[in-house]
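The following exercises lead through selected parts of one structure.

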Amino acid sequence: MKNLTKYLLLAAMLFSAATACRKSHDPILPGDDDEDPADNTELLGFYFVSEGQWGHNNATLDYYNLQTYTMLNNWWAEINPTVRGSLGDVANDIAVTDEFVLVTVNASNLLEISERGGRHVAAVEIPNCRMIACDGGYAYVTSYANDGYVAKVSLTRKQVEKTCATGHEPEGLAIVDGKLYVLNSCSYHTDFTGGGNNEIASISVIDLDTFTEVDRVFLGIINAYSPLTLMPDGKSFFINSSGDYNGVAPCSIIYDTRTSAVVKTFGFGGTYADVYDGKLYIFDTAFSYTTMDWVSSNCIYNPETDTVSSFPVPVSAFASFGAPSGVWINPKDGDIYIADKGNYTSPGSLYRFGKDGALISRIDTGVCPGHLAWDLR
């Protein structure tokens, strides 16, 4: 019974649960604000993905207009009424380049490529696809298939050109100094009942010129079900470890690409994180087999002073949430957006807080809201 509970929990997490996504401008990807939102760029709004309920084919891509503060719900499907009938089954990540909006649709096994205005362009088949990073006309997409790999997708030819094997269950990925860093979460290979032979999560380092793995660094953590959140220095990543929900507690680390090593460990998890004004905003939701419940916590980490301070929005503000599922900071004004999946079957919510933590508004989303990309022009 314990093992059944373990795999039901993992299935819920992997196919319609708590992931946060992240990345930057050029491309603009969910959650990272490592690009410089200069005065000559205008933030028009954001693209917002709700994962949908596994098996129900009800993932959605919406658009939020920051000039009128209105959400265009089911935006993509209304623009493309004859394409598949919907975005697909369980969307897992979003990325935006100068030309395209990209969404991985996990259970539908495809990378959706649309124009920034929403019109469908192509769908590239990638089984069990997860997260996206982009660079120089290519999208790099992680896949759980075939024991884990990353696909190199030409955005010109709209096809997979190469693949590179990684570790088990690759999740977040990011590009730094001509190398692709891929987080091998090893989520399926962790003994979630406590004890046992837990497989250690790792980073696969892939040379983009040869598209081969040139290094693999083991991180000393398990179940790194997480994106790679690029730190303000642009050279290191914040990574979450969910533990085993029993005897191994959640934690989080900072991995430095310059030393190929973990340079800091925190005694708390960080399921979701975003960068704003040189600081890391961290939000954690941790499950425990002991209490059979989720516990939320949050904080701000300042890497310049190596200090932790209070998050503007107190944890008490989430008491009515069913399941917090993402945090993003507006790179222009510092407003904080936090998603709530609610009961996982009905449409969720996106809450907008001011940088002082005061609630401004609640925005309706699709089922299981989870991924945001800023529309900077």
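A residue counts as buried under 20% relative accessible area, as exposed over 50%, and as partly exposed in between, with a 1.4 Å probe and protein chains only. Strands (E, at least two residues) and helices (H or I, at least four) are DSSP runs numbered from the N terminus. The model is predicted: local features need pLDDT of at least 70, side-chain atom pairs count only at pLDDT 80 or more, and totals for chains, interfaces and linings use all residues. Residues are numbered from 1 along each chain as its sequence is written, and side-chain values use heavy atoms, with hydrogens and water left out.

**Exercise 1. In what order do the four strands of the open sheet stand?**

Solution. 
Step 1. State the order. The open sheet runs 20-21-22-23, with antiparallel pairing. Strand 20 (272–276) and strand 23 (307–309) are the edges; each has a single partner strand, so one side of each is left without a neighbour in the sheet. From one strand to the next, the twist averages 25 degrees, where axes are lines fitted to C-alpha atoms, for helices over the stretch in contact, and angles run from 0 to 180 degrees between N-to-C directions.
Step 2. Follow the pairings across the sheet. Strand 20 is joined to strand 21 (residues 279–288) by five bridges, and Tyr-276 is partnered by Lys-279. Nine bridges hold strand 21 against strand 22 (residues 293–302), with Ser-288 partnered by Asp-293. Strand 22 and strand 23 share three bridges, and Asn-302 is opposite Thr-307.
Step 3. Inspect two hairpins. Four residues lie between strand 21 and strand 22, and Met-292 in the turn has a positive phi of about 55 degrees. Four residues also lie between strand 22 and strand 23, where Asp-306 in the turn has a positive phi of about 55 degrees.

**Exercise 2. How many aromatic pairs are there, and which parts of the chain does the pair of Tyr-47 and Trp-75 tie together?**

Solution. 
Step 1. Apply the rule: rings of Phe, Tyr and Trp (its six-membered ring) pair if their centres lie within 6.5 Å; planes under 30 degrees apart count as stacked, over 60 as edge-to-face and the rest as tilted. The count is 21 aromatic pairs.
Step 2. Take Tyr-47 and Trp-75, a tilted pair at 5.7 Å centre to centre with 55 degrees between the planes. Tyr-47 belongs to strand 1 and Trp-75 to helix 2 (residues 75–79), so the pair ties together parts 28 residues apart in sequence. Tyr-47 is buried at 0% relative accessible area, and Trp-75 is buried at 12%.
Step 3. Take Phe-48 and Trp-328. Their ring centres are 5.7 Å apart and their planes stand at 85 degrees, so the pair is edge-to-face. This pair links strand 1 with strand 24, 280 residues apart.

**Exercise 3. Is Asp-335 buried or exposed?**

Solution. 
Step 1. Locate Asp-335 in the loop between strand 24 (324–329) and strand 25 (336–340).
Step 2. Compare its accessibility with the cut-off: Asp-335 has a relative accessible area of 7% and is therefore buried.
Step 3. List neighbours, with contact meaning heavy atoms within 4.5 Å. Leaving out residues up to four places away in sequence, Asp-335 touches several residues, including Trp-328, Arg-352 and Ile-360.

Key. Pairing = 2+ DSSP bridges.
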